[in-house]
Amino acid sequence: MRAAWTALKATGVLAPAPLPAAAGLLWQVARHGTTLYALVAWHAQRTPARIALSSGQGTVTFAELQARADHVAACLRPYTPPGAVVALPAGDDLPFVAALLAGLRLGLRLVLLPPGQDEGATARLLARLNAQALLTDDPGLAGLGVPCLSLHRSPTERFWPGWPRAGQPVLLTSGTTGEPRPVTRRVKPLAAGRLTLALLAALLPHRDAPVLLPLPLWHGHGLATLALCLALGTRLHLCRGTPAAELWAVMARQSTQILVLVPTLLRRLMDAPGSAPSLRTVVCGSAPLDPALVRRTQTRLGPALHNLYGSTEAGLISLATPDDLCASPDSVGRPLPGVRVRRAADGQLQVRGLLTRQWLNTGDLGSLDGAGCLHLLGRADDLMVIGGENIWPAQLEAALLGLPGVRACAVFPVACADYGQRPAAFVELEPGVSAARLQAALAARLPRRLRPAPLTVVPELPLTPSGKVARTVLKARLDREELTGLRSEH
């Protein structure tokens, strides 16, 4: 308890009077349940004029955010009883947050829908979950077979708190390698508390340290960042879709101290000129972080980079600090408190912790070193057997990214008469770098069986809405086309 109290005081969230502030938080939780809405109500009562969120749409204070959430809750209450399953499609960030808070206050099970998904797959998912409504004003979603409720209708009655009802967000897996699946596990409060304290100690967030998030809020990475900022009363700037070249200027204007992003955006940020004098912490996650990119970031920003490993199904698993990454750039750090990790007989990492009491297969192959740090080899279902040798795409991707002029890449297995399988690759090159030069560099580094063929140069790798490489799109392209030899899209 003493360590928890000390960690919370260090964030400044309880200042200037810790005991009354803590009592106020307990009161809001008693009224509204253990939800993000209770945190917003707490800050709205203590510091109503404090900025909660900002974006290209403007800024909202905590008092304004609570008022928006209350308005949406009043609109929805007659149509959505507590416990109802409703879907909240991705949309503009500030209205999305207000609808999220309202749904949690009403005790709903909110399915957070990413954009750009196949309509048939989404309709099947909603039917399987027995969703009763879509919270949207988009008429284009009327064909999903679920009634649409406008978020801007006039409320028929004033909404009173009543008994506390803690709603539950239902996240979907990102769909990087397949059709998204719902994840409905509840967070264990004690485990979440231990894990949060560890993050506070490592990242040193503060209520007066602005955070910038260029990721969507419907994904676990973005939602966790939103939750932490709402808990601490920290201003969060939302800039989803902002080109990496513009992020430096945005961070300078916002006096950003903490940046949360994915490896693809980090690589593009490192490729762009600019500076952010206030930036002191970079938290990267949701996809493998290449060691070469780690070293580039450390050279440019100093000891600022943290590598966070987790999954939608298992929650947060481990965190590599700047010291961990200096010692071992390919590490994802040590398991967080309350999280246990073991290596199964087939090499898969299994996790028990924040979201599950049972051992859960992560689908990732990896190992634990003598210092207790995790190292990932790649996805279990991505394993390639080339001439009898086990090779993971991540190994060849690291080799490609280590070559001058390679910005990004993705490697896949394809059938081969000589070796059983061979690697195929899509690469994104810097201007002026030729495919022939890349092939020559590969010939000097890799044996013939491990050189990607076909190797396709593309202007830019496709990304999922969460900012990760859209591997299903690239794999489908390999399946469609007969790629032979070197193909270029320049």
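This is a predicted model: local features need pLDDT of at least 70, side-chain atom pairs count only at pLDDT 80 or more; totals for chains, interfaces and linings use all residues.

Student: Okay, what makes Asp324 count as buried?

Tutor: Buried means under 20% relative accessible area (exposed is over 50%, partly exposed is in between, with a 1.4 Å probe and protein chains only). Asp324 has 11% relative accessibility, so it counts as buried.

Student: Where is Asp324, and what does it touch?

Tutor: Asp324 sits in helix α12, residues 322-327. Helices here are DSSP runs of H or I with at least four residues, strands are runs of E with at least two, and both are numbered from the N terminus. Leaving out residues up to four places away in sequence, Asp324 touches Leu319, Gly333, Arg334 and Cys373. Contact means heavy atoms within 4.5 Å.

Student: How do you know whether Cys373 is buried or exposed?

Tutor: Cys373 has 6% relative accessibility, so it counts as buried.

Student: And how many disulfides are there?

Tutor: Searching the whole structure gives zero. A disulfide is a pair of cysteine sulfur atoms within 2.5 Å. For Cys373, the nearest cysteine sulfur belongs to Cys326 and is 12 Å away, and Cys373 is in no disulfide.

Student: Let's turn to helices. Why are α3 and α5 called roughly perpendicular?

Tutor: The axes of α3 (residues 36-46) and α5 (residues 93-106) cross at roughly 110° and come within 8 Å. Axes are lines fitted to C-alpha atoms, for helices over the stretch in contact, and angles between N-to-C directions run from 0 to 180 degrees. Under 35 degrees is roughly parallel, over 145 roughly antiparallel, 65 to 115 roughly perpendicular, and the rest oblique. The two helices are therefore roughly perpendicular.

Student: Which residues of α3 and α5 meet?

Tutor: Leu36, Tyr37 and Val40 in α3 meet Leu100, Leu101, Leu104 and Arg105 in α5. That contact has six nonpolar residues, no polar ones and one charged. Here Ala, Val, Leu, Ile, Met, Phe, Trp, Tyr, Cys and Pro count as nonpolar, Asp, Glu, Lys and Arg as charged, and the others, Gly among them, as polar.

Student: How do you know that β16 and β17 pair?

Tutor: Two strands pair if DSSP finds at least two bridges between them. β16 (residues 340-343) and β17 have four, in the antiparallel sense. Val341 stands opposite Val351 in β17. The two strands form a hairpin with four residues between them, and Gly347 in the turn has a positive phi of about 95°.

Student: What is on record for β17 and β18?

Tutor: β17 and β18 (residues 360-368) pair in the antiparallel sense over three bridges, and Gln350 stands opposite Asn361 in β18.

Student: What makes β17 mostly covered?

Tutor: Four of the five residues in β17 (348-352) are buried.

Key:
Residues are numbered from 1 along each chain as its sequence is written. Side-chain values use heavy atoms; hydrogens and water are left out.
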